[in-house]
Amino acid sequence: MRRSPSRIFASLLGFTLIIGILTACGAGNPGGSTPGNGSNGGTQGTITIKIGTEFPTTAGDASTGMPAQNGATLAIKEANDSNFLPGYKFVQVAKDDVGASGTHDQTVGQKNVTDLIGDPQVVGTVGPINSSVALAEMPTTNRAPMVLISPSNTNDCLTKETPAFECGGAKSKVNQLRPTGKVTYFRTATIDQYQGAALAVYGHKTKGYKTAYVIDDTEAYGVGLAKNFTTYWTKIGGTVLGSASIKQTNSYENILTEIAGKHPDVIFFGGNDSTGGITIRQQMKSVSGLANTPFLAGDGSKTSALAKAVKPLGGGPVYTSIPGIDPSQSPASKTFFDAYTKQFGPDAIGAYSAGGYDDTKILLNAIKSVVTSKKADAPKDSNDDAGAAKFRQAVIDAVQNIQYDGVTGHHSFDKNGDTTNHFISLYTIGDLGSGDGWKFLEQVDTSSLQ
Amino acid sequence: MAVSESPRKLLPNTETRKLLLKWLVAVLVPVCVFTYVWVGEQMVNGVWLSLLYPDVTSLDHDPWSLIIQSLFLLLVYGSAIALSGYLVAADSGRRNMLEVWFDVAFATVVPLVLLAVTSNLLISIGLAVVVWGIYLFVRTRIRRARHYTPPAPLASLHVIDDKERGALLRLAQQAGLWFGIIFAVITLVADIIFFATDQLAPLLLIWVAVRTVLLPVAGYFLGRLGGRMALRYTVAPDAGIEVAQSEGAQRGRMGWRGNARKVSREEQLQSLSASRASEEARDVVPNDKPLQSRGATRIYLMLLMTFVVLYPILDPILFGSGTKGRITSYGDLGFYVILALGLNIVVGFAGLLDLGYVAFFVIGTYAWSMVGSPQFYVLTGMIARPEIFSWFFWPMLIIAALLTALWGVLLGAPTLRLRGDYLAIVTLGFGEIIPIVFTQMDKYTNGTDGIAGVYPPATPCIGSFCLNWSNSPTPYYYLILILIGVCIFANVRLRDSRMGRAWIAIREDEIAAASSGINLVNTKLFAFAAGAFFAGIAGVYHAAKLGTVAPGDFNSTDSIIYLAMVVIGGLGSIPGVLVGAVVVYAINLLILNQLDTYASDPSNFLHFLPQLIHNFTFSNVRNLLFGIILIVIMIFRPEGLIPSARRRRELHHTTNEDEEAEPSALDQPPGTPEFEAEMKVE
Amino acid sequence: MATFLNLLIVGLATGAIYALIALGYTMVYGIIELINFAHGDIFTLGTFVTIAILSMLGVTAANPPSTMSWVLVSELALACIGSFLFCAVLGVLIERVAYRPLRNAPRLAPLISAIGVSLVLQDVGKLWFGNTNVSFVSLPIGSVQMGPVNVDVINIFVLVVAIILMAGLQLLVTRTRIGRAMRAVAQDRDAAALMGVNVNLIIGVTFFIGAGLAGAAAFIYSLKFPNTYFYLGFEQGLIAFTAAVLGGIGNLVGAMFGGLIIGLIYSLVTLIPATVLPHGGNAWNKAVIFAILILILVFRPSGLFGQNTPEKV
């Protein structure tokens, strides 16, 4: 190589210089960055409002989180398509709280909401799915403050100090979860207390079962539901023969063999279909003595997967419930269902699709009422921290006062942020060909049960 | 050594011109990229603008931020100039110019450009690591195809006399000066163009003028400083050297055997084994690889440290909005680093495979959660008032760590007789048992729901200035930074201690170690205890930062992730483990689970995938991608990203063509003094 | 008493399946000293293949067959062979791609690579069948009354098949030429190579048989248990690996007994009342298994059947 080194030198320096000049933007002007420099790409005059969603959408939790996120996506898409709020464009910021171990992770959840809070254009967040993640996120969003609306958290202790055995008195979590003392967390799922009661009443009074065996899946949702069921079941005169607390496993044959020796009238399961619901009900069929025992479970088990897995086996009846009114009783649900299937396919529907959709709509409605009543202005760009704080607070107030009719019924929020919709719907397995395979039995207003 | 008699003038002569050219380009190009492609120019101008235009509100007028920015900029540019002086003075001049340029370009220019393009620190570092890996791979292949032989190690370490020292210093001075002049010209031309295109405020021209004069002057002095730094690592002719020179190397080796007379550095080096000598040779001058020599490494480390320490203030300027979220995730990354460091003691140093490390982390987490939260009332009947109990965080940091260390001993005791994978399965079992215990003992631990409302730490206020622990991630960032610093320090000291050498001995050969008088029981137990200790610290920090803890968040997959961090980084190598933790955390928690977000953005290059394949989501293939990355890293770099020196030497013959060939004992015929000397030292 | 006997039978049948999976771990460990973390996931894919083959033949969970017939039996046999072959080939492939390049690497590198393979296989399974529980076909097999207990015929069948497979493997390893070669490679790879043993081939054969047994185990599992999901194998794998260690890793007979013992413990733990352990023994079954494992290893550091080989110096 006999090329002159100085030529290489000169050309390299020249090259760098050219790159520099091409890429350097006008940072040398006191006017600074040009307005609208942020990458929102919106057209002139359109203000971007971001809505965060925070669900476990990958790996092991995808089947619960993804449908909820889809519901939110659908709501935002519809709002943009129908020009829900003229002059404003809604953008979804989807966060995933699945951690290194492949399931929902509190640490990741907290980081996600911190990320969302850090972006002034994010007005509120829909999520999370899991009560344990909510525990980590609530203090952070409460301090910000930013509204957090969950479609699925049913753990009583998130918002109040009852039931006393879980979070009364010194065990109360409310002060920690609500450091500013103001309510910024709302949920559209009826809390465990009502669902447990409704299931107990249905089993004991309607069906006449006397003895029950209670299994839970060791997760916050399942344990809470099982505890509430047990409390109410004994309160109205039923007997609990025993209880077991088993983390999701591939076989429940051992415990079922033992239960068979006790001959309960009904087996209650607190948990999701995938954390035991399906397997327990399937194995009951092959354990002699339990083949025809009725099976009672909450909304986590009211899935098409469970119906599909159990129906061909036959055996005892299966009863489940969901908090809220049955979609067949609500005119909006057909439209929602059609739109959802069109967008994401028929298999993508999940227990919280409608919840995710409704929560997002509640947030959208709240934003609309704030903007139209001119209570606060939406943040101008991604640096408008002061505007964001004001707008978020206005949205929180609007959500607190909202009156909303949606797919899951009528929602408004009480002083704790819980929905005032206390309807519980009861189901049994029906025709697999229609809908998700569940037959609507009856609807109970549990407000009177307490 | 290209240094020759250099007249006292500022123009390089023909011999030194090549050396200057080589290093000026190598340093100037990254500096220019930093300035014009990434943020350098923006930052400089930003600082001056806010000083010159105090009434323009859109500018950042926060004095703290301005001071920090100027400090950072001064350090970056100053150390770049000093580095150019250092490199010129330290180089032995035996390496090809282009070779060095390519290395520098891939190590610095690529990450800087990626930073400018992605505007995301971890993603660009991750991509840069990938690019660097591909580059090394290709380079190795090309070298192998061309039968490349690296230059033989410097036959004997060159001793520099006073005359040469003076020449080197002048050369460094020249390098600094020319760096200043060229850089001043480049910036001047660029600013003139900016001014002509109306992108430069007129008042800034003052700064442009000042800078153009200032740069060469600063270059002159800073270059000299760099040269002085290089000279610190020369082998100087001192009292012992005459003996060594007159009596030759043979005699020098005798000296190592314990003669009481003073021996020179060169003698000591020569008496070490050849491979050891080449490692030692890193910090002497002249050097074949000045970029990797100790002086240069110190400059990089200083820059890195400054960057890390100033990061929370620099972040909004470098990466825009979303600072809080980023600082939060770096705070989380921090405890992974501590966990990896702790696990490195057990697995990397002592060679005890631990698949249940998460257990200690859980214990540490619960230790603080049970004391510093309302749960304390449930346990003891006393109400834990946050304003008092927050202070207990600090003692609990140590108490909890000691507690987990105790658990480490308890686990270690029954497993002392177990070897290899029997130990692995027992630790795996321990990792399974502990979360079950914390789930099922719900009377004390609140079971599945976990403990909420764990208190953050408390610190005294200085005047009206209080650290906001509950609402800002920044205090945690600094806390974890300090904790990591302490842990690294402890790790290094442990490794170099008597105990650390005993660990390495039992890792290499337990029986040989035992027969050399190492107490296996104590050594292994101490390894378990020390490893667990760090997990305890990480646990307390985690609980306080997150504010809630639930047993469902810990399972054996976590232990495996920690292990992957250690192995991917490089077993037993402290910098390796740091990098491993960052890489695994970044890949798994920041890149892979954000891919869907990127893909849904129409402006992103990933956007075509969901368009192409119906219903495609990255969430479905996240573990697939992570698994493939793990396999690929292991296949191409089984010893880890930054292997420890010892491991590198072991694997030298099979994998590591990157290193220069080092003469080893086997290259010497038996019976020769060289052979004897080497066998003895190793 | 009836409950106890029932639990005993359930435990033995479950244990037999653990034993079959454990054999794969122990064979691979014996020959290349690697904890093959991907083995459990090969098992998962085996269960998926079984479902896929049966549904191709028209036997699906949605329409379970009402009576046993020879056609059904031959279809099941086909599924069993298919699952065996699929897993066996998959095992060989994994060895070739992910482990062979690392044979001379530091000890933990193949372990991490195995974890990587495990993650990949989990996601493959998830892409194939989604991340829900996938039901097996429930077969019209009844139960027989034996004294005080009512025993599922499936349990007996599972035990019998497992014992036949294990006996066959034992014969293969101890009596045949290839078995001798396997033992030779396990003892000293270099020496075996010098004696003319094709080491790569033998390691391949070991993976073939080990992974194939996981496939067979997957088929048997599909008869006894109601459903599978993509993460199943990882969890089962950990327990099976524990069984292999309990018996003495590298020892075939040890793995078999280890599996049975673990199965029995798993089952009988249920009898521990809630007064002893909160929430009853079932909640603690993994903890109890590992506690017993630690206890056994304290007294027999090489497992129940492992020889305490003197260290090579």
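Q: Why is A:R187 called buried?
A: A residue is buried if 20 or more other C-beta atoms, placed from the backbone, lie within 10 Å of its own. A:R187 has 27 other C-beta atoms within 10 Å, so A:R187 is buried. This is a predicted model, in which local features need pLDDT of at least 70, side-chain atom pairs count only at pLDDT 80 or more, and totals for chains, interfaces and linings use all residues. Residues are numbered from 1 along each chain as its sequence is written, while chains are lettered from A and ligands numbered from 1 in the order in which they are written.

Q: Which strand holds A:R187?
A: Strand β5 of chain A, residues 185-187, contains A:R187. Strands are DSSP runs of E, at least two residues; helices are runs of H or I, at least four; both are numbered from the N terminus.

Q: What does A:R187 touch?
A: Leaving out residues up to four places away in sequence, A:R187 touches A:I149, A:S150, A:N153, A:G417, A:D418 and A:T419. Touching means contact: the C-beta atoms, placed from the backbone, lie within 7 Å.

Q: How many residues of chain A are in contact with chain B?
A: 60 residues of chain A are in contact with 73 residues of chain B. On the chain A side, α1(A) gives the largest share, 10 residues.

Q: What are the domains of chain B?
A: The domain assignment gives domain 1 (43-93 + 159-235 + 287-306), domain 2 (241-280) and domain 3 (324-554). Such bounds come from an automatic or database domain assignment. The centres of domain 1 and domain 3 of chain B, taken over C-alpha atoms, are 42 Å apart.

Conventions
Two residues are in contact if their C-beta atoms, placed from the backbone, lie within 7 Å. A residue is buried if 20 or more other C-beta atoms lie within 10 Å of its own, exposed if 12 or fewer, and partly exposed in between; C-beta atoms are placed from the backbone.
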